[in-house]
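Here are my notes on the model, as numbered points. Please read them beside the coordinates.

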Amino acid sequence: MKLKDKVALITGASRGLGLATAQLFVEEGAAVICVARASLEEKIFVQEHFRASPKAGYRRVDITKPEEVKTLAAFVQERFGRLDVLVNNAAVDTIGSVEDTADEEFRRILDVNVYGLFLVTRYLMPLMRKSGSGSSIVNVASNIGLMGMGRRVAYTTSKGAVIQFTRSVAIDCAPLGIRVNAIAPGAINTELVQQFFAGHADKGFRKQVEGWHALDRFAEPLEIARGILFLASADSSYATGSVLSMDGGYTIGKW
Ligand code: NAD
């Protein structure tokens, strides 16, 4: 088991990639605190999911609210006294060019994807310091944090920021023995993506977007979760400040 007796916290773990990562971490021996700003229905779903496991719990937290993040940190301190792995996965997405993205919408995306990530990292850091050497932070970026995309100005800006945040925090944390890395997935077959394409007028559009990836398909959540596990575990002990592309060949440029 790659995370035996480790304490891990995953944001955005009510569904999609975060939930798949939480399941994998539990299988690998970690105690997992699942955090999300989810509806009651999603909370019940997560609880159902982990009913058989005493090693996973759910906390409803809006990561853009400093007081809620501080309360989360106090809970982890009281319950576990340390934190070995932090996965900053929660994010929101939007579509729009610079002209048709409303001011408040741009701010909303940056608020969750960048400011929220900053708050969680900042207030959980004292607990990671207690774990010290061997602890790991994994930030979920995106293939389109590494390259541009039309009509995605707010989201791509935020994911580019996640990558630069990762590099700078990795330098600050190296003397503490805390590694900090990012993963940059291509499209993942999550509920969000399924709903997007189901609601799209052009029924051939999904096939077209799959074709932008050299492997000609979307990732399953577990395939990306395995990359997060690699960065979270001692298997990646010499990696810090790195960006792991797991995008089916999207960023190598197919054409
Ligand atoms: P999702 O929309 O299914 O889940 C997002 C999670 O974030 C949910 O649990 C939600 O409750 C949580 N969340 C949103 N705002 C929050 C807030 N303010 N406070 C706390 N939690 C909040 O997303 P997903 O498709 O599973 O994507 C997960 C990660 O992977 C994101 O960082 C996303 O940008 C990245 N990513 C996704 C894809 C994809 O194709 N799905 C591709 C590349 C990168």
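1. Classes first: Ala, Val, Leu, Ile, Met, Phe, Trp, Tyr, Cys and Pro count as nonpolar, Asp, Glu, Lys and Arg as charged, and the others, Gly among them, as polar. On that basis the shell around the ligand has 15 nonpolar, 10 polar and 4 charged residues.

2. Ground rules. This is a predicted model: local features need pLDDT of at least 70, side-chain atom pairs count only at pLDDT 80 or more, and totals for chains, interfaces and linings use all residues. Residue numbers start from 1 along each chain, as its sequence is written.

3. A residue is near a molecule or strand if its C-beta atom, placed from the backbone, lies within 6 Å of it. There are 29 residues around the ligand, and Gly-12, Gly-16, Ala-36, Arg-37 and Ala-91 come nearest. Helix H1 (16–27), helix H4 (103–131) and helix H6 (191–198) are the elements that give two or more residues to this shell. Helices (H or I, at least four residues) and strands (E, at least two) are DSSP runs, numbered from the N terminus.

4. Overall fold. The chain has 8 helices and 7 strands. Its radius of gyration is 18 Å, close to the 18 Å that the globule rule gives for 255 residues, so the chain is as compact as a globular protein of that length. The radius is taken over C-alpha atoms, and the rule is 2.2 Å times the number of residues to the power 0.38. Along the principal axes, the C-alpha atoms fill a box of roughly 50 × 40 × 40 Å.

5. Burial and contacts. A residue is buried if 20 or more other C-beta atoms lie within 10 Å of its own, exposed if 12 or fewer, and partly exposed in between; C-beta atoms are placed from the backbone. Of the 255 residues, 44% count as buried. Two residues are in contact if their C-beta atoms, placed the same way, lie within 7 Å. Among contacts between residues at least 6 apart in sequence, 75% join residues at least 24 apart.

6. Helix H1. How many of its 12 residues are buried? The count is 11, so H1 is largely enclosed by the rest of the structure. Among them are Gly-16, Leu-19, Gln-23 and Phe-25. H1 reaches 17 Å from its first C-alpha to its last, close to the expected 16 Å. The expected span is 1.5 Å times one less than the number of residues. Gly-29 follows H1, with a positive phi near 100 degrees.

7. Core. A nonpolar core is a set of buried Ala, Val, Leu, Ile, Met, Phe, Trp, Tyr and Cys residues joined through C-beta atoms within 7 Å. The largest one has 71 residues; Ala-8, Val-32 and Cys-34 touch the most other members. H4 gives the largest share, 9 residues.

8. Helix H8 (residues 221–232). Its buried residues include Pro-221, Ile-224, Ile-228 and Leu-231. Their cover includes H1, strand E4 (85–88), E5, strand E6 (179–185) and strand E7 (243–246).

9. Backbone check. Asp-5 is not a glycine, yet has a positive phi of about 65 degrees. Asp-5 has 9 C-beta neighbours inside 10 Å and so counts as exposed. Arg-151 also has a positive phi, near 60 degrees. Arg-151 sits in the loop between strand E5 (136–140) and helix H5 (153–173). With 13 C-beta neighbours inside 10 Å, Arg-151 counts as partly exposed.
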